[in-house]
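Work through the exercises below with the model open. Each task is followed by its solution.

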Amino acid sequence: MKNFNFQAATNILFGKGQIEKLVDVLAPFGKNVLLTYGGGSIKRNGLYADIQEKLGSEFNVIELAGIEPNPRLETVKKGVSLCREHKIDVILAVGGGSTIDCSKAISAGTFYEGNPWDFTNDSSLVGETLPIVSILTIAATGSEMNGGSVITNLETKEKLSFGSRDLAPKVSILDPSYTFSVPKYQTMAGSADILSHLFENYFNQTTDTMVQDGIAEGLMRTVYHYTPLVLENPEDYEARANLMWASSLALNGLTGSGKAGIWSCHGMEHELSAYYDITHGIGLAIITPRWMKYCLNEKTVGKFAEFGHRVFDIEKTNNQMLMAEKAIELTYQSFKSWGIPMTLGEVGIDDSLLDEMASQTVKHKTMDQGTFVPLTQKDILAIFTDSLVEMY
């Protein structure tokens, strides 16, 4: 296990009715609030009206609506302008990871004289920040409990990340009932995203990390258990609650601290999203089993076999390769059974830009070292190509 510095400073208010504390958590930061949200689902499910009623005339609320599923640099800049013009004291981010990620970029950009895109090249440029309070409406990215952000530059076809501990939300309200209205497609994409965060930390070259891996395995089992229940009954509170909490714990540092390494599947999927604007979790579900199969070899077989035994209850045998292959197949079939489209063609991606996206992947990520299995541009192209057809 490597040395690490762990902090999970976000105050989590979990459960039904926690929005009653909204005024109390916002008030210490000031009266000028930037309310950020996405496509309008919070208006349809009544959350928007509830927020407006609670804030009433006590707060000066400025709105930034329409934040994209892959939040765009232009939207970040618009938010920065609003914060400066209205002397915003605190950002209230209501939605999922896209809204919260965009809000983080706005938070840092408000006090930065340059282009907020600069943060994606150098996170140390993040200086003073605006405090963020979030109300989560989908279990997926874990952005409600960490300082990471991912934004998209349409001009350059780039989707890149940056982060700072100072950007972690000060308070996050997690009421599972707010996820009842999340559509099936977004629900299963969210679960795939949670699993991918766990996979990226779990399949790692750092040894002797039983604590982190044990937590990750428990969270994986949680996602596999509760996702089918939620897809069958969207208003299953306990299932939604378990997925929501798993989302936060999957990416708040618990499973990654003490490990060194670079994430592979996220690096590849960010290119799919940058070029084709597909749903992040769906792209991860398509890429991940192919990456697993491509990375399976004599050195990695033990980890894949261990994963299969501890997460899928595959019987332990002397044939680790057979165990590993079964685990990869179950990973694929689980996604497919939820209803996720499992080929690139099903989400509108053909072979015309695969080589270009593979080139961009290695440009943005050092994939030939520090990853679970080193990958060259040729390797990434092979994984993209494998993703064009069914695995089983």
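**Exercise 1.** Which residues of helix 13 (residues 354-364) are buried?

*Ground rules.* The model is predicted: local features need pLDDT of at least 70, side-chain atom pairs count only at pLDDT 80 or more, and totals for chains, interfaces and linings use all residues. Residues are numbered from 1 along each chain as its sequence is written, and side-chain values use heavy atoms, with hydrogens and water left out.

*Solution.* Step 1: apply the cut-off. Buried means under 20% relative accessible area (1.4 Å probe, protein chains only). Leu 354, Met 357, Ala 358, Gln 360 and Thr 361 pass in helix 13. Helices (H or I, at least four residues) and strands (E, at least two) are DSSP runs, numbered from the N terminus.
Step 1: look down the axis of helix 13. The buried residues fall within an arc of 160 degrees, so they line one face of the helix. The arc is taken over directions from the helix axis to the C-beta atoms.
Step 2: find the cover. It includes strand 7 (158-163), helix 9 (265-276) and helix 14 (377-386).

**Exercise 2.** Describe helix 4 (residues 73-85).

*Solution.* Step 1: check the length. Helix 4 has 13 residues and reaches 18 Å from first C-alpha to last, close to the 18 Å expected at 1.5 Å a residue. The expected span is 1.5 Å times one less than the number of residues.
Step 1: list the buried residues. In helix 4 they are Leu 73, Thr 75, Val 76, Gly 79, Val 80, Leu 82 and Cys 83.
Step 2: find what covers them. Strand 2 (32-36), strand 3 (60-64), helix 5 (97-109) and strand 6 (148-153) are among the elements doing this.
Step 3: look past the end. Lys 87 follows helix 4, with a positive phi near 50 degrees.

**Exercise 3.** Characterise the largest cavity.

*Solution.* Step 1: search on a 1 Å grid over the protein atoms alone; a cavity is a set of points where a 1.4 Å probe fits but cannot get out, and lining residues have an atom within 4 Å of a point. Grid points are joined across faces, edges and corners, and volume is the space filled by probe spheres set on the points.
Step 1: size it. The largest cavity has a volume of about 60 Å³.
Step 2: read the lining. It consists of Ile 138, Ala 139, Thr 179, Thr 187, Ser 191, Arg 240, Leu 243 and Met 244.
Step 3: assign elements. Helix 6 (184-202) and helix 8 (237-250) each supply at least two lining residues. Helix 8 gives the most, with 3.

Notes:
On a 1 Å grid over the protein atoms alone, a cavity is a set of points where a 1.4 Å probe fits but cannot get out, and a pocket is an open set with protein on both sides within 12 Å along at least five of seven lines; lining residues have an atom within 4 Å of a point. Buried means under 20% relative accessible area, exposed over 50%, partly exposed in between (1.4 Å probe, protein chains only). Contact means heavy atoms within 4.5 Å.
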